[in-house]
Every structure is written in C-alpha cells, then in structure tokens.
Amino acid sequence: MLTISNLGIRFTQYDQGLHRKQLTVITDLDLTVQPGELVAVVGASGSGKSLLAHALLGILPENAQLSGTMAFQGEPLTQKRCEALRGKAIALIPQSVGYLDPLMTVGRQVQRVGQLNGLPSRAAKTLTARTFARYELPAHTPKRYPFQLSGGMARRVLVSTAVMTQAQLVIADEPTPGLHPDVVTETLNHLRELAQEGRGVILITHDIEAALQVADRVAVFYAGTTVEIANAQDFTTGNLRHPYTQALWRSLPQNDFVPVSGNQPSPDQLPVGCLYGDRCAWSTAECKQARPELRFVRQGWVRCIHAEG
Amino acid sequence: MQLRPIVTFTAQKLLRLGLLLLAVAIFTFVLLSLSPIDPVQAYIGADMMRISPEQQQLIAERWGLDQPMAVRFWDWLGQLLQGNWGTSMVFNQPVGEVIAKRFWVSVQMLAIAWLLSGVLGLGLGILSGALAGSWIDRVIRLYAYTLASSPTFWAALLLLIVFSVSLRVTPICCAAPPGVLAGDVTIWQHLHHLLLPAITLSIIGIANITLHTRQKLIDVLHSDYILFARAQGEPLWGLIRHHGFRNLILPALTLQFASLSELFGGSVLVEQVFAYPGLGEATVQAALRSDIPLLVGIVFFSALFVYTGNTIADLAYPIVDPRIRLGGSQS
Amino acid sequence: MTITVPFDPVSRSLRNNRRQQTLWGIALCTLFLLAVIFSTWVIGDGGLGPVLSQRNQPPSIAHPFGTDWLGRDMLSRSLHGMSLSLRIGLLAAGISALIGTGLGLAAGTLGGWVDAVITWIIDVFFSLPHLVLLILIAFAVGGGTRGVIIAVALTHWTSLARVIRAEVLQVNSADYVKISRRFGRLPLWIARHHMVPHIIPQLIVGLILLFPHAILHEAALSFIGIGLSPHIPAIGIILAESMRHLSTGYWWLGVMPGLLLLLSVKSFDWLGENMRALLDPKTSQG
C-alpha cells in the first residue's frame, strides 16, 4: 500500500550572521507498509523519524527539499496528493497533547476531524462520543480542555483523532515516551487493533522493546537512513543482519547492556561512505568509499556489504 | 458565577489604581515644585500685575506656599480628594467641568479611531499574516511600516491638504462651521467636521495593530497545534477560523487596549492640526499658557483613562483562556 | 516516478546575497543620516536668507522643496531643521539609552527590592500617555530646548530598560551561568563573559530603534509649540509654521519638510532592523 524508495530530505538553514548551511536529515530511506500490517520505525533521537511522518503528510517546513519517491496505493504521493489525502486516507497520531489547540475543548477538536472527513456536525459529534466510548473515556471528556487531561486520557484522545477518519494508513509518532508502562501497553494495543482492522500502521519510536510488543516488521533507522528492515521475531531468534541493529539489541538492559561508543554523524557533515562506518566493528576500506545499497538477505533487507545470507 | 474572585479582583484593581494615582500625584507635585514656574503666578495669572506684593504674600500664605513641601503636598492632595481640582485659568471654569466637556468632544473621535483601527488592523493583520510572503502581504506591510513611524501631525497635515484644501470635501478646521451657535449645529455638520480627524487618528493606529497582529498570526501558524491541524487536512482559512483567530484574540485585545494610550497622545496632535476643541487641544493650551490646575487635572484623567483600558484588557484573560479560568481543576 | 528533481546545489551568490544586502542597507542608512546631520556645515547659511523676489514658489529644479513666504529656500531650511532635530534627538536618546541600560542592568542583576522599585517606576511611566508625560515634564522644567531634551531623555528609557532587564534575567537563570558561579567565578567576570555578549546585540538594536521615537517626539513637541523657540527652525517648528499657509494652497511648505522627517525616521528604523538581522540569527530561516 505504501512504498517509499530512496527518500531524501534536506534543509537549508541560516546560521549565525546570515551564513547558510545544508542539513541532510534523511538519506536513502526505504520502507513498505501493507494493509493490516504494523511496521515499527525504530531509531535513536535525532535520526529523523518524525520527519518521515511529516513528509508523508506534506507538512514539512518550507526550507525542506525532498528527493526520491513515495507511492501510496499505487499512485505517487505528490505534495498535492498529500494535501488531499491527509486527515482522510492518511492520519497522524501526534506525540503529545501539546499538538492540540489549548483553547478548544477536545470534543470539538475531535469533532472537527470528523467534519473534515465530510460528516455534518451532528454526525461528527455522535461519532466523537462513540469513539471516546470505545476507548472508555469518561462521558465528560468532550468538554475538557487539553490541559485538563491525564496522560492516559490524552493518549486515548489522540488515538481517537485517527480513528475518526477512515484512514488506511495511520502514523503514530512517538506515542510512548514518559508514560506509565500500563498506559504504554494499552496504547500499543490500540495501535495493534487498528492494524487488525485492516489499516496499515507505522509506529515511530525509539523504544525498541515497545515496538517489538506489537510490530510485524521493524525498520531500523540510523542517521536518517534505513539500515535494516527485519521481521519482529528476528530479534528474539537472533536473526539480525546489520551491525547497528545487533549492537542496539545488545545494548538493552535485559540483554548484555553494552553500549556502542561514538555518536551519530551530524546532518551537516555526513561521511561519504557508510554512515555507520566510524562506529562499526566490521568496517573496512570498501565501506568508507560508497554507501551500501539495500539488499535482500535472509527474508529481510539490510544496508551492509558484510551482512551474510 | 462566583462572587468572591470578582470581589477580590475588583478590590485588587482599585488598590492598584489608588497607588498608581498616588504615585502620579507625588511625581507631578514634585516636578512642578522643582520647576521654575511660580505657582502663585500660575494660579493667578494675568492679574499678577494688579496685585501688590503684600497681597501676593497673603495668597502665598493661604496656599501654604511657604510651608515645607511635604505639608503642601498633603494639603494639595486633600483638596484633590475633596473634589476641589481648582479653576482653569485658561477657560475660567472649574477644571472638572472643562475636562468633562472637552473629553465629551474628544471621545467621539477617539471611539471611532479606536474601533476603526481595531477592526481594520485586525483584518489587515490576519490577511497579511495568512498570506505571508505574497504581494498582498508586501503591500500591506509597506503601508503599515511607512505609517507606523510617520509623524502623526504630518500625516494629519497631508490629509488636511489633500481633502480639505485641494479636494474641498472636508472642512478645514474646528468642530463646527464658524459662526454657527453651538445649539444650531446639525448632526450632519457635526459628523462632517468629525470625519477627517477621526480617520487621521485611526490611520496611524491601524498601522501598528496590523503589524503586531500579523506577527502574532505568523507565530501562531508556526505552532504545533496548527501543524497537527494541517495534518488533519484543515485548509488555510479553516486553520485561521478555527484555531488562529481564537489564539490571536488575547494578544489582539491586549494590544487594542494598550493602543488607547497612543490614541490619546495622537489626539493631542490631531486636534492641534484640525483645531478641534477636544481634550488634546486643551492639554496644549494648558501647557502653553501655564494653566497648572488644568494640566494636572488632565494628567490624572489620562492616567485613569489608560488604567481603565488596561484593566478591561485584564478582564478578558479569564474569559478567553480556559487555563486561567479553570486553573488547577483536573479531570 | 520521481517527485522532485534531485537537490540543486546552493549557489554561492545566493548565499552571500542576503548578508550583502543587509550590509548595504546599513551603510546606506548611515550615510544618509550623516549627510543630513552634516548638511548644515556643507551648505552653510546661504539659502536661509529672505529673497523677497522669489516668494512662495512651488518645487522646481532650482528649489526642490520650493520657497516660503519670505523667499527662503525650503530645502535649506528643511535640512537645517532636520539636522537640528536629529542632533537634539540623538542627544536626548543617548541620555535615555544610558539611563535605560543602567536601570535595566541594575534591576536584572541586583534583583530584590531594587528590581521591584525600578519595575514599578516603569509601570508608572507606562500608565500615562507618552505625549502627555512629555508635555508635563517639558512644561515643568520651563520649556525651551533644554525642556525638550530633558523631557525626551527622561521618558524614552523604559522600553530599553525592560528589554535589558529581561535579557539579564534570562542569562542569569541559564544553567551555564549557575555553573560558572559554582565554579567560583566573580560576578564581574560573569558579567563580562556571559552577559555582555547577550546584552550587546539587544542594546545596539534597542538604541538604534530608540532614536526615531525620540526624534518624532521632539518634532511633535516643537510642532505644538512647547520647547524650541520659533527662531530656531527645528523641523517641528517649520511644520507648525506651514499650517498658517495651508489654506492658501502652498502645500510644499508642509509636505516636503515632513517627507524629510519621514525619510530620516525610516532610515533609523531600517538601520535598526538590519542590525537586528545581522546580530540575531533567530529571525529567519531558509
């Protein structure tokens, strides 16, 4: 349903004293999502994951330049098509309640989503009430303002905004940080439900354990590029292909709890060769010359010349 | 409606007003005491010539002018609080009456200018901010930037030249046709004379409000909730209608009421150019002819005026912003 | 199925364009203002003498601003008046800026009751319409040139003081300053190395933007008749005099000097905005 190939996003910024510089935030991003599938996009903070969501919705800032291709349901996703589809066929679940208008009741905001999807206001209001009930929100919730919601309630309201649409693609942007573990599980289950309804769900997160709870496939992000697309069970069966993914897995507290030294390269100074090269144990001279292509290895995709089939 | 917060609010505001007026009183009094103006001469005026030095001494004693400053201040303050604001030397009437009459004349002009600058300023600001970068925005910005730092009195002069002298569509001065008795002035004549001064005053006000509103709207349009609304498919004018406007109201109202201060100052200049007999023109007269009671009265009045405006703006906050109104109440 | 053309290279000329434009803007404004200020010494008193044979002439090549009822060249008169107004305005604004910076720094760094008192004084100043306050002070000190300068100097410091105070408070509460203090750095060292770099840009921009206000208010006071005597032709006086001749149709007497005033004030505004663009990188991206 969704195919992204070689996506690149670059920004030009004004530095001090009107100096201009270029930031390459996403390079060679590849991703596919099928209906009924939940794909997790996992990466460290600053790896450009949220920008992927913004690109799909056509809400990137003005100084952003896109390259590569995005196709949704067989047709290319141009800016115009993004504007036509967003909120209707493609929906976003934002990170926090800060993305809601602070001066408007949540009921009216969610109702607005319905109206943007063509419902008359009465029908939208009813649908809002029904959606809130589905997520077991108390009856007075529609009259509440965003600042009055608790963490769990806020999460459910945000999910409601996506459920109000008939979107075939739902993008959940970092839904779990700062939440109680029970609320995290509840939120993830809601996303799983959406996938089971037949929608495609992209879960953007840095929490790999959370991702593995509900994801079918996991796309691993590093420095703005996909380094591996694995199936969820590859993690537990040890079938990981890319050195970064393996290091990421090892660094978890319940595994070896071993960190990797070094940092992600800065977006304004990307290396010529493999982006993981300077931190990689397998790195050779060949790695530093050119960026590897995405290869199909062991039922998954990996961007490494040393990964074995 | 709960009574207690309203009572507390009102009490606080009145207290602050009292303190403010006291500060203004002290400031004014000290200023005038230290000034080279002779208060006796100021209060007696042209009759100084006819009064013998002994009588001057008597007057000075009666007014307590030979007392230390602090004593004089409390005497003076006492007089003010009792409603005795003195007699205007220039108009030969009690200061209170002069201010009331003159303010009634000015307030019509101020009200029109205030409403016009508010409505047009908001409208142009929203238009300019929503279409930022387009040629409409550039035209509006050019107009606003030019006018915002234009000398008010020069803009008034220009308009007078164009409309009254060249085109002859508006009168060249005053609030009524010369030679017509006050009671005989028709409402059309009245409005005819009011028109150009009011428009002049509003033009400058519009410029400022437009620029500020534009910037606020641009800030709002860069916020997170607007980003999310866009992601939901909300078109530009939907964004402004459903989100932008509401988030703009508070800063706009604050600005609007703060502009009262500028408008008052502007009216001084506009009334001078158009020879319009309002409170602004009285201020100039008072200053030029050393009419201390009237000047002091106007100073207090203007402080009251500005303070009232700002307080009304403060009242708007809990009404518009639920976070202030509902405060700590959680679900 | 490509959406966009791959990235176009950032052209060097485009990159430097904005910076150059800003610098050109600053240079132009400064030159213009200096030209007006020094024009009195360059053109001398020549055009100021009455020449009754060429009274009331509209603008022409010989007299770009026309002549007045005594035959005096309006351009010379306007330049003289503007130069005077600019010098008076700069002097008064300079004093005001010193007061504002001093009080703003004091309020921000010393805090406590000093801050409370200064903030309250600022509030009192803001409670009166600016022009009314100016008239009061100018009147109280006896009017004249001295009165105008004192009045303007004593009333224009409030905005700058607020801005500086806010800046100082912001820097003070920043983590790196707290850490500096923990390391035992003396307050003077902190002031020099941490605060000054933050405050200087605000100070420069605030100072420059203070001038147009001061000049406009000085002109307004002269126009009303409070302050400068009619024998010293500051721009406000010239404009006030022109009012007497409006109904006779001699429009250039008021329009042209006012235009010069407008241009001068605009130059300061533009200068200030360009300085801000140069010193504060936050104002624009992309």
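**Ground rules.** I am looking at a predicted model, where local features need pLDDT of at least 70, side-chain atom pairs count only at pLDDT 80 or more, and totals for chains, interfaces and linings use all residues. Residues are numbered from 1 along each chain as its sequence is written, chains are lettered from A and ligands numbered from 1 in the order in which they are written, and side-chain values use heavy atoms, without hydrogens and water.

**Chain B.** (Helices are DSSP runs of H or I with at least four residues, strands are E runs of at least two, and both are numbered from the N terminus.) I then checked burial: of the 331 residues in chain B, 47% are buried. (Buried means under 20% relative accessible area, exposed over 50%, and partly exposed in between, with a 1.4 Å probe and protein chains only.) Next came contacts, meaning heavy atoms within 4.5 Å. Among the contacts in chain B with a separation of 6 or more, 74% join residues 24 or more positions apart.

**Where A meets B.** I found 29 residues of chain A in contact with 24 residues of chain B. Together the two chains bury about 2500 Å², with carbon and sulfur atoms giving 61% of that. (Buried area is the accessible area, 1.4 Å probe, that two parts lose on being put together, summed over both.) On the chain A side, Tyr99(A), Leu103(A) and Phe147(A) lose the most area to chain B, together 27% of what that side buries.

How many salt bridges cross this interface? The rule finds two, where a salt bridge is a side-chain nitrogen of Lys or Arg within 4 Å of a carboxyl oxygen of Asp or Glu. I followed up Asp101(A) with Arg246(B), a salt bridge whose closest N and O atoms are 3.9 Å apart. Helices H1 (49–57), H3 (106–116) and H5 (151–163) of chain A each give two or more residues to the side touching chain B. H3(A) gives the most, with five residues.

**Leu154(C).** I turned to chain C and placed Leu154(C) in helix H5 (residues 144–155). Is Leu154(C) buried or partly exposed? Leu154(C) is partly exposed, because its relative accessible area is 35%. Leaving aside neighbours within four places in sequence, I see Leu154(C) in contact with Ile99(C), Phe125(C) and Ile137(C). Phe125(C) is 29 residues from Leu154(C) in sequence, and their C-alpha atoms are 9.9 Å apart.
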